[in-house]
Amino acid sequence: PTTATQSELFTGYTAPATFTSQARTTTVTVAIIAGGGGGYTAGGNVSGAGGGGGVRVDCVCGAGCVAVTVGGGGAASTSGANTSFGPFATTGGGRGGKAGVPASPGGAGGGGGGGCAAKAGACGNAGSYSPVEGYDGGCGSGPPNGYPYGDASGGGGGAGGVGTPNPGPPGGPGGAGFNVVPSFAAAPQPYYGPTNGLYGGGGGGESHNPGGASGSGGPGGGGAGASNGVPGTTNTGGGGGGAPGGGGRTGGSGGPGRVIIKEPAVTYTTGAPGMWQMTTVYDYVKAGEWTN
């Protein structure tokens with residue numbers, strides 16, 4: 001018999017599809033990134049930032065054909081959509097918190113949305129995974145400067161870190177995203193995009209008044225707080241940034257998710273002389289390489 005190698009292969013998806021593995025693949029490593037949540041649009045009051053989409057990396061045994069869905073980012077005031085690889089799934093990031101009467105915390109999701117008006121950001125890790133797929137959003141500040149509904153919003157929770165509460169006028173930074181580099185090798189790699197392997201960063205919060213100190217977006221695609229919240233980066237699952245008070249200003253939309261799959265290299269022998277175990281014969285027949 002002779003020796004041959006099936007090469008390592010990366011495949012990425014940003015839209016629904018069916019993944020079909022190479023003939024000799026028995027195990028794949030897959031990163032599943034959900035859509036980020038949108039920053040809330042609260043009219044005349046400061047709005048909270050969106051949470052980053054949930055991220056998990058799994059080693060999946062078996063291969064063949066697997067259905068892939070990719071979650072879209074949430075529009076302003078809306079949570080992101082879930083992403084899945086067969087039975088494995090992650091949860092979209094939570095929407096940002098709502099200021100006004102009554103105020104509300106950010107929505108639950110993969111990463112929780114940032115809170116508003118002294119309300120804590122909602123819970124991350126909505127899928128209850130271990131290790132977690134995302135973290136909580138940060139709490140918004142109260143009204144120390146006379147604003148009845150809060151002075152600034154907390155950052156959205158990321159897939160790798162908690163959204164930061166704010167100490168006063170500045171909006172809180174978004175939580176960091178999840179780093180897939182340890183599982184998929186150092187950047188740059190196919191499908192890493194502009195964030196070099198970080199995904200699911202939370203959006204940054206915003207201060208009540210336009211021109212105040214804005215929270216930065218979390219590393220991994222989170223949008224910053226701004227006069228109109230900055231959207232999460234496309235196909236990173238980043239959360240959208242928050243917006244200040246004032247009519248006509250909107251929270252940023254969340255970034256859509258992504259699926260990345262790595263098939264490892266496989267070394268094998270070809271040909272069929274002598275006696276063979278039945279399991280070996282089966283492998284050759286399955287790969288279309290058995291000869292009489």
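## Close-up views of a predicted model

From the N terminus on, the elements of the protein run β-β-β-β-β-β-β-β-β-α-β-β-β-α. The model is predicted. Twelve strands and two helices are present. Of the 292 residues, 51% count as buried. Among contacts with a separation of 6 or more, 58% join residues 24 or more positions apart.

**View 1. The open sheet S2-S11-S4-S5.** Four strands form this sheet in the order S2-S11-S4-S5, with antiparallel pairing. S2 and strand S5 (55-61) stand at the edges. Each has a single partner strand, so one side of each is left without a neighbour in the sheet. From one strand to the next, the twist averages 15°. S4 and S11 pair in the antiparallel sense over five bridges. Within this pairing, isoleucine 32 has valine 259 in S11 as its bridge partner.

**View 2. Threonine 29 in strand S4.** Threonine 29 lies in strand S4, which spans residues 27-33. Its relative accessibility is 17%, and it counts as buried because the cut-off is under 20%. Leaving aside residues up to four places away in sequence, threonine 29 touches Val57, Asp58, Ser183, Phe184, Ile260, Ile261 and Lys262. Cysteine 59 is 30 residues from threonine 29 in sequence. The C-alpha atoms of threonine 29 and cysteine 59 are 4.6 Å apart in space.

**View 3. The salt bridge between aspartate 58 and arginine 56.** The structure holds one salt bridge. Aspartate 58 forms it with arginine 56. The closest N and O atoms of aspartate 58 and arginine 56 are 2.8 Å apart. Both partners are buried: aspartate 58 has a relative accessible area of 15%, and arginine 56 has one of 17%. Aspartate 58 is also among the residues that threonine 29 touches.

**View 4. The largest nonpolar core.** Twelve residues make up this core: Tyr13, Phe19, Val28, Val30, Ile32, Val60, Val66, Val68, Val70, Phe85, Val259 and Ile261. S4, strand S6 (65-69) and strand S11 (258-263) each supply at least two residues of the core. The largest share, three residues, comes from S4. In soluble globular proteins, nonpolar side chains tend to be buried together.

**View 5. Valine 30 and its contacts.** Valine 30 belongs to the largest nonpolar core. Not counting residues up to four places away in sequence, valine 30 touches Arg56, Val57, Asp58, Val60, Phe85, Phe184, Val259, Ile260 and Ile261. Arg56 and Asp58 in this list are the salt-bridge partners. A second, separate core holds ten residues, including Ala31, Ile33, Val55 and Tyr192.

**View 6. The open sheet S3-S6-S7-S8.** Four strands form this sheet in the order S3-S6-S7-S8, and the pairing is antiparallel. Strand S3 (17-20) and strand S8 (88-90) stand at the edges. Each of these edge strands has a single partner strand, so one side of each is left without a neighbour in the sheet. The twist averages 20° from one strand to the next. Strand S7 (residues 83-85) pairs with S8 in the antiparallel sense over three bridges. Threonine 83 stands opposite threonine 90 in S8.

**View 7. Two aromatic pairs.** The count of aromatic pairs comes to two. In the pair of phenylalanine 10 and phenylalanine 184, the ring centres are 6.3 Å apart. Their planes stand at 40°, so the pair is tilted. The pair links distant parts of the chain, 174 residues apart: phenylalanine 10 is in strand S2 (residues 9-13) and phenylalanine 184 in helix H1 (residues 181-184). Phenylalanine 10 and phenylalanine 184 are both buried.

The other pair joins phenylalanine 19 and phenylalanine 85, with ring centres 5.9 Å apart. Here the planes stand at 50°, so this pair is tilted too. Phenylalanine 19 in strand S3 and phenylalanine 85 in strand S7 are 66 residues apart, and the pair links distant parts of the chain. Phenylalanine 19 is buried at 2% relative accessibility. Phenylalanine 85 is buried at 2% relative accessibility as well. Phenylalanine 19 and phenylalanine 85 both belong to the largest nonpolar core.

How values were computed
Residues numbered from 1 in each chain as written. Predicted model: local features only at pLDDT ≥ 70, side-chain atom pairs only at ≥ 80, totals over all residues. Heavy atoms only, no water. Buried < 20%, exposed > 50% of the residue type's maximum accessible area, 1.4 Å probe, protein only. Contact = heavy atoms within 4.5 Å. Pairing = 2+ DSSP bridges. Axes fitted to C-alpha atoms, helices over the stretch in contact; angles between N-to-C directions. Core = buried A, V, L, I, M, F, W, Y, C linked by side-chain atoms within 4.5 Å. Salt bridge = Lys/Arg side-chain N within 4 Å of Asp/Glu carboxyl O. Phe/Tyr/Trp six-rings, centres within 6.5 Å; stacked < 30°, edge-to-face > 60°.
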